[in-house]
Amino acid sequence: MTENLFRSIPSVDELLKAIQDEPGVQSIPRTLLKDLVNTFLDQCRSDIRSGRIDVSSDLNVSSLVPRLLHHVRQKSRPNFRRVINATGVVVHTNLGRSLMAEPAVQAVDQACRWYSNLEFSLETGKRGSRYALVEDLLCRLTGAEAGLVVNNNAAAVLLMLDTLAAGKEVVVSRGQLVEIGGSFRIPDVMAKSGAVLKEVGATNRTHLYDYEQAIGENTGALLKAHTSNYRIIGFHKEVPLPELVKLGERYNLPVLEDLGSGNLFSFPSQTGLDEPTVQSVLKTGVSVVTFSGDKLLGGPQAGIILGRKEYIQPIKKNPLNRALRIDKMTLAGLEATLRLYLDPENAEKQVPTLSMICASPEQLKRKARRLASGLRSNLSHAFEVRTVSGASRVGGGASPEHDLPTTLIQLVPKKGIAVEALRDVLLQTDPPLVGRVEHDSLCLDPRTLQADELRQVGPVLEQALELLGRNQ
Ligand SMILES: *Cc1c(COP(=O)(O)O)cnc(C)c1O
């Protein structure tokens with residue numbers, strides 16, 4: 001019986017012929033296509049062995065073609081793909097952090113398409129420096145004396161410590177020895193830089209005298225790190241930066257701060273966000289600060305290092321800098337993003353990270369209701385669709401516990417579809433959609449849905465239903 005089934009399996013050539021004129025198949029390289037048909041046939045054989053296929057009619061070319069096409073399309077598309085973020089986490093590290101503003105996208109496009117003055121001075125006709133392209137802009141926006149940019153903030157912290165404190169002790173509060181997602185840990189980065197960690201205080205409380213007592217002849221710097229992704233509540237004390245700066249001045253030691261997210265924008269009070277701006281941090285007289293380009297700033301992945309000239313100069317000259325350097329696409333995107341901040345109102349409108357965070361609860365409610373009513377008219381056979389108030393998050397380690405009020409669209413599947421199965425199958429749609437499961441429903445947060453994506457949610461849900469039907 002099983003022997004018969006095995007003999008009914010069509011040949012690779014038969015299947016290739018059957019799908020060759022289907023949309024999208026022509027553009028798949030022939031050798032890849034053949035391999036995919038072979039892996040599909042392997043799957044059929046294993047389905048016969050396991051009893052999933054038990055009648056020979058299931059092995060007709062015409063019955064196999066839809067499944068084969070699905071397999072071929074799934075396996076031949078790019079690995080790195082666009083995703084719809086319906087989680088409401090604005091700076092979602094796993095989903096690519098910030099979306100870039102339109103002028104930044106255009107600048108990246110130009111940098112890719114044409115030659116540029118990346119390291120060429122148009123004033124002298126001689127070699128120029130890529131760092132000079134954004135330094136003046138960063139200084140103007142933040143009040144820093146000097147600055148440079150590298151690949152990301154982890155690189156920025158490494159380079160700063162390597163330059164200013166290699167072989168010396170760096171005093172850090174125990175409450176700030178943080179691990180950021182993706183295995184960035186202050187103690188580990190410090191070890192790699194050759195600086196020696198000198199922990200002071202207790203996890204929940206560190207006093208100025210803790211720092212002072214730790215200062216010795218081998219001390220190289222005092223370091224403050226933003227605790228980004230967690231918050232200590234209750235009996236708790238951190239030394240404010242101005243006091244640390246004073247202490248540093250007294251002992252002639254640089255005071256460094258890893259700001260994590262970094263922020264150039266004063267968020268309107270109704271957002272409830274109290275992330276200090278880089279400008280205000282630099283005003284304290286801190287020697288050097290570092291922060292990310294793609295968190296609250298809303299630009300490309302980058303690490304920004306700003307501070308006093310006497311410290312930035314040696315950082316620029318550190319040979320390690322060459323290994324951590326920023327590429328031309330990033331630099332183009334970063335400059336265009338920073339230019340938007342010259343007019344903060346413009347920045348709020350054009351930098352998607354800022355506009356998503358600043359979206360008002362009323363705007364979000366309207367957006368949610370509009371989407372919900374569209375979904376109800378097309379998909380009420382499959383889902384109960386509700387809108388409820390809920391919370392979004394900034395993400396990226398900024399204000400980890402701070403809820404931004406929003407209106408969620410809740411989808412409750414009918415017909416015995418498990419909500420987890422719906423969530424999982426939505427990762428197979430084109431484009432995939434990432435939502436969150438709460439209270440036995442799939443929740444979509446309009447805050448992180450872009451205007452064009454509102455129209456895509458319905459069709460994507462239909463695709464998901466079709467895939468669920470196929471898998472049953
Ligand atoms: C996010 C973060 C980092 C790492 O920044 P990347 O740009 O991801 O390299 C380092 N320190 C703090 C405090 C952070 O929040």
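## An aromatic pair

In this predicted model, Phe267 is buried, with a relative accessible area of 11%. Phe265 also counts as buried, at 5% relative accessibility. Both values fall below the cut-off, since buried means under 20% relative accessible area.

A search of the whole structure finds one aromatic pair. The partners are Phe265 and Phe267, whose ring centres lie 5.1 Å apart; their planes stand at 80 degrees, so the pair is edge-to-face. The reasoning rests on the angle, because planes over 60 degrees apart count as edge-to-face.

## The largest pocket

The largest pocket holds about 920 Å³ of space. Its lining comprises 32 residues, and those nearest the centre of the pocket are Phe80, Leu95, Gly96, Ser98 and Leu99. Sorted by class, the lining of this pocket has 13 nonpolar, twelve polar and seven charged residues.

Which helix gives the most to the lining of the largest pocket? Helix H19 does, with three residues. At least two residues of the lining come from each of H5, helix H14 (328-340) and helix H19 (451-471). In terms of domains, domain 2 (84-93 + 357-471) and domain 3 (102-350) each provide at least three lining residues.

## The largest cavity

The count of cavities of 30 Å³ or more comes to one. The largest cavity contains about 40 Å³ of space. Among the residues that line the largest cavity are Ser173, Gly175 and Gln176, together with Ala202, Thr203, Asn204, Arg205 and Thr206. Ile232, His236, Lys237 and Glu238 also belong to this lining.

By class, two residues of the cavity lining are nonpolar, seven are polar and three are charged.

## Backbone features in loops

Where does Pro431 lie in the chain? Pro431 is found in the loop between helix H18 (419-425) and strand S14 (433-434). The peptide bond that leads from Asp430 to Pro431 is cis, and its omega is near 0 degrees.

Two residues other than glycine have a positive phi: for Arg97 the angle is near 55 degrees, and for His439 it is about 50 degrees. Arg97 belongs to the loop between strand S2 (89-91) and helix H5 (102-113). His439 sits in the loop that joins strand S15 (436-438) and strand S16 (441-444). Is His439 buried or exposed? His439 is exposed, because its relative accessible area is 66% and exposed means over 50%.

Key:
Residues are numbered from 1 along each chain as its sequence is written. This is a predicted model: local features need pLDDT of at least 70, side-chain atom pairs count only at pLDDT 80 or more; totals for chains, interfaces and linings use all residues. Side-chain values use heavy atoms; hydrogens and water are left out. On a 1 Å grid over the protein atoms alone, a cavity is a set of points where a 1.4 Å probe fits but cannot get out, and a pocket is an open set with protein on both sides within 12 Å along at least five of seven lines; lining residues have an atom within 4 Å of a point. Grid points are joined across faces, edges and corners, and a volume is the space filled by probe spheres set on the points. Ala, Val, Leu, Ile, Met, Phe, Trp, Tyr, Cys and Pro count as nonpolar, Asp, Glu, Lys and Arg as charged, and the others, Gly among them, as polar. Helices (H or I, at least four residues) and strands (E, at least two) are DSSP runs, numbered from the N terminus. Buried means under 20% relative accessible area, exposed over 50%, partly exposed in between (1.4 Å probe, protein chains only). Rings of Phe, Tyr and Trp (its six-membered ring) pair if their centres lie within 6.5 Å; planes under 30 degrees apart count as stacked, over 60 as edge-to-face and the rest as tilted. Domain bounds come from an automatic or database domain assignment.
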